[in-house]
Amino acid sequence: MACVAVNSLIRTLELEFLQPHPRPFLQQLELIPFNKDLIQSLHAKLGFLIQLFDEFRMDGVEAIKDLETELRDVAFRVEDEIELYVVHLCKEADQEMGQEDTEAKKTQHSHRLSHVLQQSIEDIDAIKEEVEKVMMEYKHDIAAQGRKTTLDVIPKSDDELVKMDSSGSSNHASHTEDIMVGKNNEFDTIMKMLIQHPSKQREVVSIQGMGGIGKTTLARRVFENPSIVSNFDRQLWVVVSQHHNKRQMLLDLLGSKDNVNNSDDGDLALQLYQSLKGQRYFVVMDDVWSIESWNDVNSCFPDDINGSRVLLTTRVAEVATYIGSNNYFSHQMHLLDQSESWELFHKKACKSHSVEFETIGRPIVEKCNGLPLAIVVVAGLFSKLNTLVEWKNTANALISSSTSTLDDEECWRILSLSYSHLPHNLKACFLYLGVFPEDYKINANNLARLWAAEGLVKAFKNESFEAVAKRYINELMDRNLILVSTRSSCGRKIKEFKVHDLLHAFCVREGQNQCLLYVADESGCNFPEKGVRWIRMQRVSFQDFGISALLSLSKHCRSIFYFLEWHKYHSISLVFFSLLRVLYVTEFRSPSPTVHIHLRYLQIFRDFDPLDSLVSKAWNLQTFSVSAGLKDLKLPQVQYISCRVLYDLPKSVHRNLQVISGLLSNDCDQESLTKVPYLKKVSIIISKTNDCTKDLVCLLQLESLSLWVRTWTSTYVIPDRMAQIINNILLLKNIRKLRFDFIESKWEVINVLSKLPRLEVLKLRYCELGEKWEVPENVKFCHLICLQIRSVNLKHLEVGADNFPKLEHLFLEDCYKLREIPNSFAEIPTLNLIQLEKCHPSAVESAKQIQAEQHDYGNQNMVVIEKYIA
């Protein structure tokens, strides 16, 4: 797949040679000035050529595939040569430290790089000539047949894609919630099994059906139904997956990882059993593949003869038969009929077109044979097509390649068609999702940084990497290729999402076919014949590989994703991976002390040593997410730093840095902050002696600020200091999101925050502010969208609709003493969510009354979510 290779090479050229501050030893050797014209020429030719390839995606030109493979191989080869040469120069510079570079040496190295670049340009030019030749022949054939081509209507660049997104992107509700069509009878059937059947024993209800038929959608609708919520004391949801993990299932069912790191599986199972004992519970086990996965947790579900239920979804008939209580409690899902299929397609495609569009669309829907996943994916594709020509050409491609029956390969062809129609940048980003395990909750912000590190997203003059990545994720959502799991507290951004297992399997298979991805698990170490770029380690470690295998895997590897179990000791040998740019590890104990100069993304969820050696020469490191910070390192490209405790900023971190998490206030002064003028988000740990907020005024672009007290040395910030902190924050005119943890003050001080002109999100967590929050009539949080309060002391809320005129989301957690939410919230026209967790039942009831009044006013979007009643 050329797009991954070319985008990666383009980004490598930019980072190594075209950035304002390249590596010092490259500057000393004067390689860049000598080769600047060649570098810029290669960069431009690659960008132009990948756009030519992109033009063919709508018409499926077969003649282009061999050339695309050739371009991929050339781009990978060139990138390997360049990065290996940079490694060689780095080692040479270390060995000859202190010696001056002679003119002869500079000339020698410059000519060597020049040779690589010139050969690359010749290869690219040859491919370009062949592509243009194929294009001319294709257009000639189209004209001779009297047909129109879509080559002139698709966006040729991200700039055009931005324009298309702003005007043509669909905004229908199906993007934020699952649409269930034709399943009302099945929904009623499941509900009868769960709450209407007279059996008081613990019963296991099974939903069986093929992949993509809508089992999870049906189970989710049942799980969230108010009748279910009111009928059961506890509700739990766990995703099992094909390769189940007993410990992870137990953790998910317990709903927390706190205080369990030292607990073995037996202890966790006992905790789960005790938490459910005596409760009427409802557990959903989604995507069960084996009887063993059920046996791992069966004993955790007590049978107290109180009507508890377990609902499982599976595509394996044997599993449903074995685990289900009996035939009465088993349901086989059905495919949609033609009418239901068209209804689902029409809603997902969101097209109100003429009869001609329906004439084209119905045969396409028929080819999906009633499988909901296939229908919504095809609908996502057609939602992006705006003309009859586009619809006809795409329909012809689908119909001509399809059979009359829907088997696995037929479903695969449908998914492949939608994939092939993606723009080249989006295609690469979608394929990259295969690096995560099945059913993994993918954090959108982390993914954006990974895409940037891999060179899969490109920043523009007026658009950052983060903004481009956000647009790409929204585009994948619009095309129904991802499933949104969690949105941000303000509801504006996608926070986490999943990939349907069939689409995930497609990403994995396509990634393997394109020699991009290798997945190592307990099924065996079947090494690819060619080198791969991305390695996912799951349930195995490098200790299971021999030296020859590691040498083979490391030859072209750029990224390692290590998903480990916490209790197993793993030593990761990175000595052979000299081209490594991404290291994403869930558990890490003892890495090798290898220096990795190409590292761009480092995320490790546990402490380890030695860290300095791993990143000491990572000049292009962009993301640094570990437990402890670093000192005296030069990281000029770093954009994101997240540490549990960051004691000091690396000395050359400056203009590119946008996010800091875990910064100690004692180590945060004006001199340091002036070096990071473009900082947008910061999390600061406040100590007794210094809060540093007076120095934040130099951060003119700061949008998000979190302040929390270092609770292991002090309990709360004293009230007098808090008032001064608030006054300092008022100087930050661009603040949109503000969070306080473990502070002590008065609600009157919090009211002062209404003066912030752009404040949209306010979170007050574990704060001691008094029993009553009274907001005077003249105090207005004019732009506040989201308000979160987590307080065990709050008893009374005295606020009016005028105080929060634009409020959309209200979150109340651990507010045990609060008995009532003011009815004035019913008068806020923008309010659409009140979520309560561990709150008093009367507060929940008042929220439901607000919901009823909002509905009476015509605001049908207003919902109340009750996560747990204390």
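This is a predicted model: local features need pLDDT of at least 70, side-chain atom pairs count only at pLDDT 80 or more; totals for chains, interfaces and linings use all residues.
Local features are described where pLDDT is at least 70, side-chain atom pairs count only at pLDDT 80 or more, and totals for chains, interfaces and linings use all residues. Residues are numbered from 1 along each chain as its sequence is written, and side-chain values use heavy atoms, with hydrogens and water left out.

Side chains of opposite charge can pair when their charged atoms come close. A salt bridge is counted when a side-chain nitrogen of Lys or Arg is within 4 Å of a carboxyl oxygen of Asp or Glu. The structure holds 37 of them. One joins Glu79 to Arg581, with 2.9 Å between the closest N and O atoms. Because Glu79 lies in helix α4 and Arg581 in the loop between β11 and β12 (582-585), this pair ties together parts that are 502 residues apart in sequence. Helices (H or I, at least four residues) and strands (E, at least two) are DSSP runs, numbered from the N terminus. Glu79 is buried at 0% relative accessibility, and Arg581 is buried at 0% as well. Here buried means under 20% relative accessible area, exposed means over 50%, and partly exposed lies in between (1.4 Å probe, protein chains only). Glu79 and Arg581 also belong to a network of salt bridges that links them with Asp80, Glu83, Glu454, Arg533, Arg558 and Arg600.

Glu16 and Arg23 meet at 2.8 Å, N to O, and both residues are buried. Glu103 pairs with Lys106, the closest N and O atoms being 3.8 Å apart. These two residues lie in helix α5, three residues apart, about one turn of the helix. Glu103 is exposed at 54% relative accessibility, whereas Lys106 is buried at 12%.

Asp66, Glu70, Glu129, Glu130, Glu137 and Asp141 form a negative patch. Patch residues have over 30% relative accessible area and no salt bridge, and like charges are joined within 9 Å. Asp and Glu count as negative, and the place of a charge is taken as CG of Asp or CD of Glu. Helices α4 (65-95) and α5 (103-144) each supply at least two residues of the patch, and α5 gives the most, with four. One member, Glu129, is in helix α5 and is exposed, with a relative accessible area of 55%.

The aromatic rings remain. Rings of Phe, Tyr and Trp (its six-membered ring) pair if their centres lie within 6.5 Å; planes under 30 degrees apart are stacked, over 60 edge-to-face, and the rest tilted. The whole structure has 27 aromatic pairs. Among them, Tyr440 and Phe563 are edge-to-face, at 5.2 Å centre to centre and 70 degrees between the planes. Tyr440 lies in the loop between α19 (424-431) and β6 (442-443) and Phe563 in strand β11 (residues 559-563), so the pair ties together parts 123 residues apart in sequence. Tyr440 is partly exposed at 22% relative accessibility, while Phe563 is buried at 9%. Trp773 and Phe804 also form an edge-to-face pair, because their centres are 6.0 Å apart and their planes at 70 degrees.

Tyr440 and Phe563 are also members of one aromatic cluster, together with Tyr432, Phe436, Trp534, Phe561, Tyr584 and Tyr601.

Definitions and conventions. Patches are made of residues with over 30% relative accessible area and no salt bridge: like charges are joined within 9 Å, nonpolar side chains (Val, Leu, Ile, Met, Phe, Trp, Tyr) within 5 Å. Accessible areas come from the Shrake-Rupley method with a 1.4 Å probe; for residues, only the protein chains shown count as cover.
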